[in-house]
Amino acid sequence: MIYLKTEEEIELLRKANLLVSATLAEVAKNIRPGVTTLELDTLAETFIRDHGAIPTFKGFPGSYGADFPSSLCTSVNGCVVHGVPDNRPLEEGDIVSVDCGTRLDGFCGDSAYTFCVGEVKPEIKALLKATKESLYRGIDAAYPGKRIGDIGHAVQSFVEAQGYGVVRELCGHGVGREMHEEPMVPNYGRPGNGKQLKNGMCIAIEPMITLGTYEVALLEDRWSIVTRDGKAAAHFEHSIAIHNGKPDILSSFEEIEKIVGEL
């Protein structure tokens, strides 16, 4: 069942999402060669709790019997999503998707950004730029009266025209009092198909785009999803409200990009 949010609930969601954005900006200040994703995770958890929230990812029950152990998902290079922070130092030329969730005043925030570690290859930076642009194209399709398939089609048609792959097994979702609510929001689809978008719907749109095949595999940690061909993947996510007749972005990349620059 899709739960339409009130004005007050949308503002509480905005508050939770802006805390996610601030957390990602703190992470951005510390991403460099030699830092570990576990160090980034510790920094993020402290920041979230210091601001009166809890990290929604930590302890989240998995489909394969293992609760998620960390506050961030840190997915490096060919890891698409759900990467578990560890002690491997990041290296020059890596990319890392950092996905973060908070629960603040009973509502959830959810956003992700893929960062460059030092200088990366031009084809990798192009993948990141296209993935981020596809996110905004998906958001621009999220008007009342449109359908879920219009969002997916906007993402898919843009990136596939450039030769990239669109991951099928994972998708965006509704967001509210729970981190994952209805409806599911695939990054592929046909215009005019799927559930109709209405004022008050709050969803997380999160393109997961690959340099090669869209086929993925699950690692032994029972969380990390990687590309089958080992090629790089990028992931960007905003939570939005369909609000006053248009898409309203609740999270923000503004502070992040003051630190890392525009792609």
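Let's start with an open sheet of 5 strands, paired antiparallel in the order 8-7-9-14-15. Its edge strands, strand 8 (181-185) and strand 15, each pair on one side only. On average, neighbouring strands of this sheet are turned by 30° against each other, direction ignored. Strands here are DSSP runs of E with at least two residues, helices are runs of H or I with at least four residues, and both are numbered from the N terminus. Two strands pair if DSSP finds at least two bridges between them. Angles run from 0 to 180 degrees between N-to-C directions, with axes as lines fitted to C-alpha atoms, for helices over the stretch in contact.

A few words on the model itself: it is predicted, local features need pLDDT of at least 70, side-chain atom pairs count only at pLDDT 80 or more, and totals for chains, interfaces and linings use all residues. Residues are numbered from 1 along each chain as its sequence is written, and side-chain values use heavy atoms, with hydrogens and water left out.

## Helices on the sheet

Inside this sheet, strand 7 (residues 172-174) and strand 9 (residues 202-205) run antiparallel and are joined by 2 bridges. Gly-174 has Ile-203 in strand 9 as its bridge partner. Helix 3 (residues 122-140) packs on the sheet, where it touches strand 9, strand 14 and strand 15; the direction of helix 3 makes about 15° with that of strand 14. Contact here means heavy atoms within 4.5 Å. Helix 4 (residues 148-160) lies across strand 8 and strand 9, at about 40° to strand 8.

Strand 4 (residues 95-104) has 9 of its 10 residues buried, so it is largely enclosed by the rest of the structure. Buried means under 20% relative accessible area, exposed means over 50%, and partly exposed is in between (1.4 Å probe, protein chains only).

Which strands does strand 4 meet? Strand 1 (residues 54-55) runs antiparallel to strand 4 and is joined to it by 2 bridges, with Ile-54 opposite Arg-103. Strand 2 (residues 72-76) is also antiparallel to strand 4, through 5 bridges; here Thr-74 stands opposite Val-98. Strand 5 is joined to strand 4 by 10 bridges, again antiparallel, and Ile-95 faces Cys-116 in strand 5. The hairpin of strand 4 and strand 5 has 2 residues between the strands, and in it Asp-105 takes a positive phi near 55°.

Another open sheet has 3 strands in the order 3-12-11, with antiparallel pairing. Strand 3 (79-81) and strand 11 (216-218) are its edges, each pairing on one side only. From one strand to the next the twist averages 40°. Strand 11 is joined to strand 12 (residues 225-227) by 3 bridges, and Val-216 stands opposite Thr-227.

## Aromatic rings

How many aromatic pairs does a search of the whole structure find? There are 6. The rings of Tyr-113 and Phe-253 have centres 4.9 Å apart and planes at 85°, so this pair is edge-to-face. Rings of Phe, Tyr and Trp (its six-membered ring) pair if their centres lie within 6.5 Å; planes under 30 degrees apart count as stacked, over 60 as edge-to-face and the rest as tilted.

Tyr-113 sits in strand 5 (residues 107-116) and Phe-253 in the loop between strand 15 (246-249) and helix 5 (254-260), so the pair links distant parts of the chain, 140 residues apart. Tyr-113 and Phe-253 are both buried. Phe-253 also forms an edge-to-face pair with Phe-236, at 6.2 Å centre to centre and 65° between the planes. Because Phe-236 lies in the loop between strand 13 (233-235) and strand 14 (238-243), this pair ties together parts that are 17 residues apart in sequence. Phe-236, like Phe-253, is buried. One aromatic cluster is formed by Tyr-113, Phe-115, Tyr-136, Phe-236 and Phe-253.

Arg-168 meets two rings: its charged end sits over Tyr-188, 5.3 Å from the ring centre, and over Tyr-214, 4.2 Å from the ring centre. A charge sits over a ring if NZ of Lys or CZ of Arg is within 6 Å of the ring centre and within 35 degrees of the ring normal.

## The whole chain

The protein chain has 5 helices and 15 strands. Its radius of gyration is 17 Å, close to the 18 Å that the globule rule gives for 263 residues, so the chain is as compact as a globular protein of that length. The radius is taken over C-alpha atoms, and the globule rule is 2.2 Å times the number of residues to the power 0.38. Along its principal axes the C-alpha trace spans about 45 × 45 × 40 Å.

Of the 263 residues, 53% count as buried. Among contacts with a separation of 6 or more, 70% come from residues 24 or more positions apart.
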